[in-house]
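Reader: Can you walk me through this one? I'd like to start with pockets, then strands.

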Amino acid sequence: MADPVTSVKDVFERHIPSRLQAKPDVVAKIGAVYQFNIAGPEGGTWSVDCTRPGGSVQAGPAPQAKCTV
């Protein structure tokens, strides 16, 4: 059974990093930086960097984002 998602922060701090680590070949093929602006009381801004080996996720904006969602 998959781990339940408890918050938006949980998705970006736990779920996305584990998926990036599980699929480094996909991360390398993506090769871009994404910024996610999530509205609402538990929202925030996160960046997912697939230009780094294995990818990385950080809280805050991504100055070099190729796509903002």
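Author: First, the term. On a 1 Å grid over the protein atoms alone, a pocket is an open set of points where a 1.4 Å probe fits, with protein on both sides within 12 Å along at least five of seven lines; lining residues have an atom within 4 Å of a point. This is a predicted model, where local features need pLDDT of at least 70, side-chain atom pairs count only at pLDDT 80 or more, and totals for chains, interfaces and linings use all residues. Residues are numbered from 1 along each chain as its sequence is written, and side-chain values use heavy atoms, without hydrogens or water.

Reader: OK. How much space lies in the largest pocket?

Author: About 160 Å³, as the space filled by probe spheres set on grid points joined across faces, edges and corners. It has 14 lining residues, and Val-33, Ser-47, Asp-49, Gln-58 and Ala-62 are the closest to its centre.

Reader: Which elements give two or more residues to that lining?

Author: β2 (44–49) and β3 (56–59). β3 has the largest share, four residues. Strands here are DSSP E runs of at least two residues, numbered from the N terminus.

Reader: Now strands. In what sense do β1 and β2 pair?

Author: Antiparallel, over six bridges, with β1 at residues 33–38. Pairing takes at least two DSSP bridges between two strands. Gln-35 stands opposite Ser-47 of β2.

Reader: What about the turn?

Author: Five residues separate β1 and β2 in a hairpin, and Gly-40 in the turn has a positive phi of about 110°.

Reader: And β4 with β1?

Author: Parallel, over two bridges, with β4 at residues 67–68. Cys-67 of β4 is the bridge partner of Tyr-34.
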